[in-house]
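Hi,

Here's the structure I said I'd pass on to you.

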Amino acid sequence: MTNTLTPHISESSAKARPSGDVVLECRQLIKDFREGDNVLHVLRGADLEIRAGERVAIIGESGSGKTTLLQLLGGLDLPTSGSVLVNGRDIAAMNGTERGELRNRALGFVYQFHHLLPEFSALENVAMPLLLRRDSVSEIRAVATELLVRVGLAERLTHRPGELSGGERQRAAVARALITRPSVVLADEPTGNLDHATGERVFNLMLELNREYQSSLVIVTHDLKLAARMDRVLTLIDGRLVENA
């Protein structure tokens, strides 16, 4: 198992929209929630196409359905109708086991709260997605160690989440999302729980690793300044995605 990093590419030189293959898309995505006789229409035909290596921000008012959309894109929930395709595979056509395997191999997740397992060290948390595959433990440890060094946590390998700062926990979460070299990283307000300076450092790290690892990056955020640094910005309005000019 190798983990060779590609050369650093500056943000300014990588701003143009990638021209690679489509790795994630949704078509006429509809999601309704029912409570008794009441139906809440959250998504009303959202369409989205993400290409390899692309950075996309999704913005919108609170309650507009951004998190719901991200959960559907990640196969954590299923749509009322419409389709989500990851590397050309329709998530809705899979059973639970197949969806879990797809998430493990093709998708990475970063949340506002790190969701690291408190009883495990930073190294064990980052290694977990590969450990689930039953790969060689020694090789997994080497890959996880190299990635934690890459995100600036070389001195924190054996520390548990409770012994890490907020920024360190989020950097570990970013490393965990990337250890499988996913096609797409889905991030829900990844800096929303951090102070401005720490959030800026974490976001810069995500952009840098996006280019080095060539994993597409889809971020839901309220921060318009962060969104403006992505290749594209889309706004979720009335259950549909509208691309910003």
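Let's start with the largest cavity: its lining is made up of V110, V174, A177, L178, V185, M206, L209, N210, S215, S216 and L217. Keep in mind that this is a predicted model. Helix α5, helix α6 (196-213) and strand β8 (216-220) each give at least two residues to that lining. The space inside comes to about 70 Å³. If you search the whole structure for cavities of 30 Å³ or more, you get one.

Next, the largest pocket, which holds about 400 Å³ of space. It has 16 lining residues, and N104, F109, P129, L132 and R176 are the ones nearest its centre. At least two lining residues come from each of α2 (96-106), β6 (107-110), α3 (122-131) and α5. So α5 shows up in the lining of the cavity and in that of the pocket, because a residue counts as lining when it has an atom within 4 Å of a point.

Now for R176, which sits in α5 (residues 166-178). Is R176 buried or exposed? It's buried, yet it has no salt bridge. The nearest side chain of opposite charge belongs to E119, and that is 10 Å away; a salt bridge would need the atoms within 4 Å.

What does the side chain of R176 reach at 3.0 Å? That would be the backbone oxygen of H115. Leaving out residues up to four places away in sequence, R176 touches H114, H115, L116, N125, V126 and P129. P129 is also listed, along with R176, among the residues nearest the centre of the largest pocket.

Key. Residues numbered from 1 in each chain as written. Predicted model: local features only at pLDDT ≥ 70, side-chain atom pairs only at ≥ 80, totals over all residues. Heavy atoms only, no water. Helix = DSSP H or I, 4+ residues; strand = E, 2+ residues; numbered from the N terminus. Buried < 20%, exposed > 50% of the residue type's maximum accessible area, 1.4 Å probe, protein only. Lys, Arg positive; Asp, Glu negative; His and termini not counted. Polar contact = N/O pair within 3.5 Å; in protein donor to acceptor, adjacent residues only side chain to side chain. Contact = heavy atoms within 4.5 Å. 1 Å grid on protein atoms, 1.4 Å probe; cavity = no way out; pocket = protein on both sides within 12 Å on 5 of 7 lines; lining within 4 Å. Points joined across faces, edges and corners; volume = space filled by probe spheres on them.
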